[in-house]
Amino acid sequence: MNILKRTATIATLLGLSLLLLVSCTAVPAGPATGETGAEAAAPAEASGEPKELSIIYVGNEPKLLDAQVDPFDSAAIVSSWLADTLVGMDMDKNFQPYLAESWEVSEDGTVWTFTLRQDVTFHDGTPFNAEAVKFNFDRILDPATQSAQSAAMIGPVVSTEVVDEFTFRLTHSAPWARFLDALSEGFIPMWSPTAVQEYGADFQQHLIGSGPFMLEEYVPADHTTLVKNPDYNWAPAYMAHQGPAQIDRVTLRFISEASTAVAAFQAGEADIVIRFPPARVAEFRSDANTVLQEGEFTGSPVLFVMNIEQPPLDDINVRKALRHAINQEEIVQVLWAGEAIPTKGVMYPASLCYWAEGENAYPFDLEAANALLEEAGWVDSDGDGIREKDGQPLRLTLVNAFVDALGPIVQAQLKEIGVDAQIELVPGPVQLERAASGDFHTIFQHMAFSDPGVLDMLYNSKNLKPGGWSWTRYQNPELDAILDESAMTVDVTRRCELLTQAQQIVSDEALVLPLYGNKWFAAMTPAVQGFGPGPRPNVDIWLYNTSLAE
Amino acid sequence: MSAYIWSRLATLVPVLLLISIFVFSIMHLLPGDPAMLVLAGEYATTPEQIETLREQLGLNDPIYTQYGRFLGNALQGDLGNSVHFKRPVSEVILERLPSTLQLTVVAMLIAAALGIGLGTLAAVHHGSWLDNFSMVLSLVGVSMPIFFIGLLLILIFGVRLGWFPIVGGTPLERLVLPALTLGFASSSVIARLVRSSLLEVLRQDYMVTAYAKGLTSWLVLFRHGMRNTLIPVVTILGLQIGGMLSGAVLIETVFSRPGLGRLAVEAILWKDFPLAQGTILFTAVVYVVASLIVDIVYASLDPRIRY
């Protein structure tokens with residue numbers, strides 16, 4: 001039996017080592033060859049070597065990179081690297097000339113005339129002109145294109161028209177306030193008409209724009225490679241430099257699992273990792289070999305919408321009491337270790353037309369909250385810590401989704417003023433269903449959105465319908481009129497006046513419980529310079545300014 | 001034998017029908033209007049967009065008409081069009097299939113080699129430290145969640161040691177860590193089975209007879225021992241195909257591989273119903289057919305098995 005044992009052991013060990021050998025032959029010599037960060041950074045030191053950058057984006061890859069068709073932010077970002085847009089937006093959120101040198105809008109706000117740059121060519125040599133612009137708008141509007149987002153963004157277009165070679169005109173049936181914002185996002189990229197027609201359904205593999213980068217290779221669900229456009233010479237004036245981009249080749253990977261993305265960055269497989277969760281920020285902050293970049297999103301922050309039709313929230317004093325009881329700073333500390341933006345306003349502080357005074361409307365004040373509840377007739381008569389009125393306890397549903405840990409904190413804060421909040425953690429589809437049916441007291445909502453028109457979506461009672469976003473069920477003709485007008489006011493100053501009034505009403509009526517806004521994070525090696533978010537980090541990431549240190 | 005194969009094939013029909021009903025119901029069991037779910041929550045939508053999609057998904061027809069159409073089309077290989085890819089679902093699935101096949105085949109080889117190796121080692125050295133070591137190792141494999149093993153391997157071999165690329169490198173290099181993860185998890189069950197099965201075989205009279213005939217230890221172990229040990233192992237290997245396919249869902253997500261498992265996750269996450277239905281149906285059919293093949297192999301390996 002001894003011989004048997006020995007031979008069996010030898011055989012097994014042999015098998016195991018064979019297995020190990022097989023797996024070891026796949027080991028690359030040293031750091032993996034090709035596109036790893038370590039290698040990409042090294043040759044940059046020797047002049048004349050191509051500068052290569054490897055980027056990991058934490059999130060799902062867009063199904064199509066063409067943002068005229070695909071509805072997701074990540075598609076808009078990739079499209080904005082490959083193609084230019086008619087209008088640009090600088091860091092101060094001013095609209096600036098880009099492919100359009102100038103534009104004017106008719107007195108009634110419906111007819112837009114764009115004067116185009118005359119020195120632009122697409123990657124395939126096709127000249128950029130009014131014909132090309134018209135082609136792109138017509139493509140977006142064509143139902144066959146199945147544009148999921150762009151078509152809705154450009155508004156009620158009735159006609160597109162080539163006035164002369166470099167003048168393009170577009171007419172809306174009614175003024176469309178969001179138009180300039182839409183044109184400045186990667187969702188309305190200008191593609192080469194020749195390429196769209198030539199490749200047809202295969203265009204996704206051959207995206208040809210006029211942008212600073214050209215598509216070299218697109219392997220769906222794996223990676224996308226971009227190379228520098230050597231002829232690029234029409235960057236908007238607010239960019240850090242002019243001429244071609246300073247990076248020769250970019251490899252982009254979308255990785256949905258944040259731990260994997262961060263591990264790959266730490267292993268040197270990428271120079272930059274974009275949009276990783278706040279939980280990982282602390283370890284990067286303390287790492288001397290990593291540079292952290294952050295940006296602020298725009299839109300409607302993380303909040304709980306209050307259903308004003310459900311007692312006791314039909315009483316404005318109860319709603320105001322809840323607002324005073326919420327301690328946003330504490331939530332951000334406990335939940336995100338401080339790596340988020342506490343806000344009492346109904347919009348992200350970085351949003352265009354943001355009303356800053358909203359931050360002071362409801363200071364964290366338990367006494368004020370208690371007084372408001374007493375005034376509303378809610379008292380704790382039986383000493384159980386929960387207030388009652390007419391024998392009914394002050395009980396609310398807290399319908400939470402997506403951020404699991406949020407419920408217990410808000411619940412504990414409301415308990416302080418004698419409110420019994422009952423958490424219901426639901427998946428996304430159920431959240432939508434509950435919101436649509438009004439079966440909630442308070443419900444989670446977060447709408448990071450580039451344009452302040454998000455207020456019209458969320459608080460105009462015309463959106464009180466299935467699929468609509470007016471979850472608070474508040475109906476006020478005055479607010480509706482303001483929002484209706486804001487959606488049709490093309491003048492930015494006037495539009496912001498209106499939207500400020502709207503924020504004031506939403507705040508005064510205590511329709512929502514604002515909590516915090518998310519931050520945008522990217523980590524990179526110290527060699528990477530000039531990389532960062534644009535004015536709206538969800539759709540703007542400026543790769544053009546990026547360079548690798550010598 | 002052919003009668004057996006035919007009877008097994010016949011039992012496939014109700015199984016596949018049940019699967020198709022289940023897969024079809026996914027879209028309708030979720031609360032709310034499917035078209036609204038696809039569009040809302042991700043970006044601004046208009047009621048017109050929702051109506052167009054309802055039309056496109058055929059949601060305005062009675063439910064039995066919808067199922068009839070779904071089944072009829074599926075039988076002809078038409079799984080509908082993906083909402084987000086805007087291409088036939090079957091095309092997208094076939095694009096992702098090679099990656100999952102590579103992963104599962106290599107993982108299966110690793111599982112078999114590791115499992116049979118460790119199991120044999122443990123049985124032959126029954127009661128020794130080698131036995132304990134193998135069994136502890138397999139206990140770890142059985143009890144640790146597969147995505148956790150994956151993350152551990154990433155941290156050890158990817159970040160600390162830097163031996164294998166995590167997301168970059170050549171396709172072969174990229175295969176090592178995910179295949180090891182998946183293979184290791186599956187090997188544990190196989191190792192335990194091989195051990196107990198071999199222990200039993202080693203006690204059989206025919207083993208003693210084999211020794212008495214003067215055969216070498218090698219011959220006794222491999223010709224008489226392993227042959228009898230491996231019969232139940234074949235069944236387990238077959239069942240592991242199911243485990244591999246579901247493991248692929250997690251592994252492909254953790255390692256960001258462009259396979260079927262990740263496709264299914266994304267389809268569900270993005271509420272792309274035709275794509276989710278297609279991927280799940282396809283995977284289920286693969287599993288059922290694979291189990292059928294294993295049953296047939298099993299029957300031919302062991303002439304005693306007849307149903």
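Predicted model: local features only at pLDDT ≥ 70, side-chain atom pairs only at ≥ 80, totals over all residues.
Local features require pLDDT of at least 70 and side-chain atom pairs count only at pLDDT 80 or more, whereas totals for chains, interfaces and linings use all residues. Side-chain values use heavy atoms, with hydrogens and water left out, and residues are numbered from 1 along each chain as its sequence is written, chains being lettered from A.

Strands here are DSSP runs of E of at least two residues, numbered from the N terminus, and two of them pair if DSSP finds at least two bridges between them. Strand β7 (residues 167-172) of chain A is largely enclosed by the rest of the structure, because 5 of its 6 residues are buried (under 20% relative accessible area with a 1.4 Å probe, protein chains only; exposed means over 50%, and partly exposed in between). A hairpin through 2 residues joins β6(A) to β7(A). The pairings of β7(A) are as follows.

**Aromatic pairs**

Rings of Phe, Tyr and Trp (its six-membered ring) pair if their centres lie within 6.5 Å, with planes under 30 degrees apart counted as stacked, over 60 as edge-to-face and the rest as tilted. By this rule there are 22 aromatic pairs over all chains. Tyr57(A) and Phe254(A) form a tilted pair, 5.2 Å centre to centre with 55° between the planes, and both residues are buried.

Trp112(A), Phe114(A), Phe137(A), Phe168(A) and Phe179(A) form one aromatic cluster.

Methods: Helix = DSSP H or I, 4+ residues; strand = E, 2+ residues; numbered from the N terminus.
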